Amino acid sequence: MNEFNFKVWLLGLWDKIKALPWKRIALVSLCVFLALVLTAMVAVTAVIQNILNQVVIIPPDDTLPPDATIGAATPTEPLLPSIPGQTAPTTPSSVVAHKDLVNIMLVGQDRREGQAGRTLSDVMILCTFNKQDKTITLTSFLRDSYVKIPEIGMNKMNQAYFRGGTEWLKQTMLDNFGVQVDYFLEVDFASFKSIVNTLGGVEINLTAAEAEYMNTNILDGIHYEPGSLKPGVNLLDGDQALEYARIRKVGGTGDFGRTDRQRTVLNAIFTKCRTMDLFTALDMVNNLLPYIRTDIPRDNIISLATELFPLLSGKLIQQRVPVDGSWSLLDVPMGSYQVEVIIIDFVKTHQFLMDTLMPN
């Protein structure tokens, strides 16, 4: 009897279910679903737009002299006199460019607190994202390299950016090294410190000599308590990381050692980013963008970031120009003092860049 009543109840329930206006229910459900999707899209669009609004775009007049529109920072370094016997290189016939390469030039300005305008580029690191080989290569270009610069001829490489902005530095990279620079990212001292602090500091393995130097020599524009650093791994804040990246008087390596340290800091930043998921990375990008100037079009930033983000988990390679065996030092008289420049074998250097940067 109980079994029979249950079947009757179940059949009655089924009849009621079949009698429901399913077409209308389906339509209402579809409308609710679409409304939720639309709301999510609006929210995501708002987040993306907020990120894009933080971007500081390098202005079109960036190619003008630094004192023409935005004011020259002082002090500046005068141009070198011409050096007898040193001729301009021939522009390479082959170019470091490929559909699977993105070359982004990181420029660090030697701009201190209280200064304004464009200054000398003491940091020039080419970040080459190789989508085919899934690698990122950091190539430092030393500031004292004697290169051909648009309109002013042969001079120190850090004068290219100071005198003519990103366009002159881009042309300098192409004319001397055969490298096509796709985009620029630019920071100054204050921006660099803010970026490191936003990331919560960076872990750097200090040698005993580096720790001693940083504990006893505090460079201008830097603020931290000396004596707290030890040989080994230290968590450096923005000021400490900036001082570390500016050290030249340790180990007798001068600017060569300094560019090594600059790449070490950049590597530490990449290492931190590797542990982030995409949403955390986008939030971090949103926080960091106010400290960076770039010529990447706003419409391309999100797609480019999404495209290159997976490469952070790939192989990270470090190198510098000039490469060993392709350079020499030369002292150039400048009034009462001398300036040291680096004379480069451009043929060997270009071949090195083709071999190390182009996809396999």
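Tutor: The side chains of Glu 186 and Tyr 161 are joined by a polar contact of 2.2 Å.

Student: What makes the pair Glu 186 and Tyr 161 a polar contact?

Tutor: Set the distance against the rule. A polar contact is a pair of N or O atoms within 3.5 Å; within protein, one must be able to donate a hydrogen and the other to accept it, and residues adjacent in sequence count only if both atoms are side-chain atoms. The value here is 2.2 Å, so the label holds. Glu 186 also makes a polar contact with the side chain of Gln 109, at 3.1 Å.

Student: What kind of model and numbering is this?

Tutor: This is a predicted model, in which local features need pLDDT of at least 70, side-chain atom pairs count only at pLDDT 80 or more, and totals for chains, interfaces and linings use all residues. Residues are numbered from 1 along each chain as its sequence is written, and side-chain values use heavy atoms, with hydrogens and water left out.

Student: Is Glu 186 buried or exposed?

Tutor: Buried means under 20% relative accessible area, exposed over 50%, partly exposed in between (1.4 Å probe, protein chains only). Glu 186 has 3%, so Glu 186 is buried. Glu 186 sits in strand S7 (residues 183-187). Strands (E, at least two residues) and helices (H or I, at least four) are DSSP runs, numbered from the N terminus.

Student: Which residues does Glu 186 touch?

Tutor: Contact means heavy atoms within 4.5 Å. Leaving out residues up to four places away in sequence, Glu 186 touches Val 107, Gln 109, Tyr 161, Tyr 291, Ile 292 and Arg 293.

Student: Why is Ala 211 called buried?

Tutor: Ala 211 has 3% relative accessibility, so Ala 211 counts as buried. Ala 211 lies in helix H5. The buried residues of H5 (residues 208-216) are Glu 210, Ala 211, Tyr 213, Met 214 and Asn 215. Their cover includes strand S8 (202-206), helix H6 (238-246) and H7.

Student: What makes Glu 210 and Arg 261 a salt bridge?

Tutor: A salt bridge is a side-chain nitrogen of Lys or Arg within 4 Å of a carboxyl oxygen of Asp or Glu. Here the closest N and O atoms are 2.9 Å apart, so the pair qualifies. The pair links distant parts of the chain: Glu 210 is in helix H5 and Arg 261 in helix H7, 51 residues apart. Glu 210 has 7% relative accessible area, so Glu 210 is buried. Arg 261 has 6%, so Arg 261 is buried too.

Student: How many salt bridges does this rule give?

Tutor: The count comes to 14. One of them joins Asp 144 and Lys 156, at 2.8 Å, N to O. Asp 144 and Lys 156 are both buried.

Student: Is Asp 324 buried or exposed?

Tutor: Asp 324 has 58% relative accessible area, so Asp 324 is exposed. Its salt-bridge partner is Arg 320, with the closest N and O atoms 2.5 Å apart. Arg 320 has 16% relative accessibility, so Arg 320 counts as buried.

Student: How many residues has the largest nonpolar core?

Tutor: A nonpolar core is a set of buried Ala, Val, Leu, Ile, Met, Phe, Trp, Tyr and Cys residues joined through side-chain atoms within 4.5 Å. The largest has 50 residues, and Phe 129, Leu 138, Val 202, Ile 204 and Tyr 244 have the most contacts inside it. Helix H7 (residues 254-274) gives the largest share, 6 residues. Another core, of 32 residues, lies apart, with Ile 344, Leu 353, Met 354 and Leu 357 among them.
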